[in-house]
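Open the model in a viewer and keep the selection panel at hand. The stops below are meant to be taken in order.

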Amino acid sequence: MKSSEIREKFLKFFESKGHSIVRSSSLIPGNDPTLLFTNSGMVQFKDVFLGQDQRAYTRATTAQRCVRAGGKHNDLENVGYTARHHTFFEMLGNFSFGDYFKRDAIHYAWELLTKVYGLPKDKLTVTVYQSDDEAYAIWLNEIGVPAERIIRIGDNKGAPYASDNFWQMADTGPCGPCTEIFYDHGAEIWGGPPGSAEEDGDRFIEIWNLVFMQYNKDEQGVLHPLPKPCVDTGMGLERLAAVLQHVHSNYEIDAFQQLIKAAARETACTDLNHNSLKVIADHIRCAAFLIVDGIIPGNEGRGYVLRRITRRALRHGHKLGQTKPFFYKLVADLVLEMGSAYPELAQNADRVAQVLQQEEERFGETLEHGMKILEAALAKDDKRLDGRTAFTLYDTYGFPLDLTADICRERNVELDQAGFDAAMEHQKQTARAAGKFKMNAGIEYSGAKTNFVGYDKLAQEGKVIALYVEGSP
Ligand code: ATP
Ligand code: MG
Ligand code: MG
Ligand code: MG
């Protein structure tokens, strides 16, 4: 079943259960400073959950474009390392606004997975929130999942991959206990069931999260009951497609294979399994959709996330030997793959390609020089990259720190973060002192002409003006 059919079947199933099909909202959350990007289907309904907005319907279903590359949900560092994480993905969801609750949500999910999509029941494992006896009983007694495949899970205390059955959109806002459905890809793949020591493997892959939205969390962390309990579910289209297309990794599904082939064509890479191709395919989706939704590469906030993602993709291209602009050419391939589901992508394709090409041209030269500097440093010490070099790469060659860190991780090299921080602090102080000097000079020599090169020039030289602080809008 192709990805587009899977999406269609999902929406039609919930339409048949009285849900209104609602279009995906933008990746930029409307009027919400608590969130960097739309990271799930519920974001466009946040105010409906809170009781501050009313819709003509109490049931909705969506295929929502999502980005998890900053803020509370950040999967950038997982891309290229797991079979299941993207920076950009599509989340299929059904929502109840004070209408049905746990029972119907669970029954609908099971019916869709096992009857419509035909998944074998014995490959599915579920989790419930540790104290949620109600959900547990529905799975056990009404659905008939054997007790050994219903696992109680608590709040994870920050372990990076660990399951967490209390879902929250951000540090504040709507939240509640959840129940999740996992698919077992088979014993030949490393990993264990949720809650076990090996759960961070890719054997048991979480496909669907059903959240029972019950609270609004305030800034002090206090939970206030919502006016009415609601349901918010999210299933990754790519993960479901992997299951239905009988492949293990999301990168093997139809939608990704086309992009991976296109990336191979543009980089002349002959190994279609090369990890860099996966990263490039992931990043073109993310970068293109961010631009569609109005972001341009920049040195702050959302624009800096876009710049970091784009530059990481370019570095992977460089690793494959491509030193000329190539990334922007993948926009056309992306349009072929996703343009009909997202007409806004097709309509903006030329602009998207242009923005990316500019960014490629801007970074191309400094990337080449920067890589030489990095290689020279690693030739001297292949265990640790000193902070000063990382800072020079950042400050003069436009290498975001996470890009350098990614290279280090790839090569098993430790990055001297403290040294980087010290070099950054030193530069700030020097800049402050220079600023004072300039002000004095301005007073003393008023009339002397200064030539302001402008931010654009600085950016072209790879001088990053502001640091992106994770979680800040
Ligand atoms: P995981 O534990 O695998 O990181 P999650 O618990 O963070 O997933 P949720 O926040 O529950 O994910 O999101 C709902 C669903 O969206 C998941 O069950 C999964 O199918 C999908 N999903 C989440 N993150 C990603 C991602 N980075 N790439 C692709 N699909 C994702
Ligand atoms: Mg996650
Ligand atoms: Mg999870
Ligand atoms: Mg989850």
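What follows is a tour by selection, with a note on what is found at each stop.

**Conventions**

This is a predicted model, in which local features need pLDDT of at least 70 and side-chain atom pairs count only at pLDDT 80 or more, while totals for chains, interfaces and linings use all residues. Residues are numbered from 1 along each chain as its sequence is written, chains are lettered from A and ligands numbered from 1 in the order in which they are written, and side-chain values use heavy atoms, with hydrogens and water left out.

**Stop 1: strand 2**

Select residues 59-67, which form strand 2. Helices (H or I, at least four residues) and strands (E, at least two) are DSSP runs, numbered from the N terminus. Nine of the nine residues in strand 2 are buried, where buried means under 20% relative accessible area, exposed over 50%, and partly exposed in between (1.4 Å probe, protein chains only). In a regular strand the side chains alternate between the two faces of the sheet. Here Arg59, Thr61, Ala63, Arg65 and Val67 point one way, and Ala60, Thr62, Gln64 and Cys66 the other way.

Two strands pair if DSSP finds at least two bridges between them. Strand 1 (residues 20-21) runs parallel to strand 2 and is joined to it by two bridges; Ile21 has Thr61 as its bridge partner. Strand 3 (residues 88-96) pairs with strand 2 in the antiparallel sense over nine bridges, and the partner of Thr62 there is Gly93.

**Stop 2: His85**

Stay between strand 2 and strand 3 and select His85, which lies in the loop that links them. Is His85 buried or exposed? His85 is buried, at a relative accessible area of 9%. Its side chain makes a polar contact of 2.9 Å with the side chain of Thr82. A polar contact is a pair of N or O atoms within 3.5 Å; within protein, one must be able to donate a hydrogen and the other to accept it, and residues adjacent in sequence count only if both atoms are side-chain atoms.

**Stop 3: ligand 1**

Select ligand 1 and the residues around it. The shell has 18 residues, and the closest are Asp75, His85, Trp167, Glu206 and Asn209; a residue counts as near if one of its heavy atoms lies within 4 Å.

- 2.8 Å to an N or O atom in the side chain of Trp167
- 2.9 Å to a polar backbone atom of Ile207
- 2.9 Å to an N or O atom in the side chain of Arg239

Taken alone, ligand 1 exposes 590 Å², and the protein buries 90% of that; accessible areas come from the Shrake-Rupley method with a 1.4 Å probe, and for residues only the protein chains shown count as cover. Strand 3, strand 8 (204-217) and strand 9 (223-236) are the elements that give two or more residues to the shell. Which element gives the most? Strand 8 does, with four residues.

**Stop 4: strand 4**

Move to residues 124-129, strand 4. Six of its six residues are buried, so strand 4 is largely enclosed by the rest of the structure. Leu124, Val126 and Val128 point one way, and Thr125, Thr127 and Tyr129 the other way. Leu124 has a relative accessible area of 0%.

Strand 7 (residues 173-184) pairs with strand 4 in the antiparallel sense over five bridges, with Tyr183 as the partner of Leu124. Strand 5 (residues 150-153) is parallel to strand 4 and joined to it by four bridges; the partner of Val128 there is Arg152. From strand 4 the chain crosses through helix 4 (residues 133-143) to strand 5, and this β-α-β crossover is right-handed. That is, with the strands pointing away from the viewer, the path from the first strand over the helix to the second runs clockwise.

**Stop 5: helix 13 and Asn412**

Select residues 401-410 for helix 13, where seven of the 10 residues are buried. Among them are Leu401, Leu403 and Ile407. Then select Asn412, in the loop between helix 13 and strand 11 (414-415). Asn412 is exposed, at 68% relative accessibility, and its phi is positive, near 60 degrees. Most residues other than glycine have a negative phi, and most peptide bonds are trans.

**Stop 6: His246**

End at His246, in the loop between helix 5 (237-244) and helix 6 (254-267). His246 also has a positive phi, near 55 degrees, and is exposed, with a relative accessible area of 73%.
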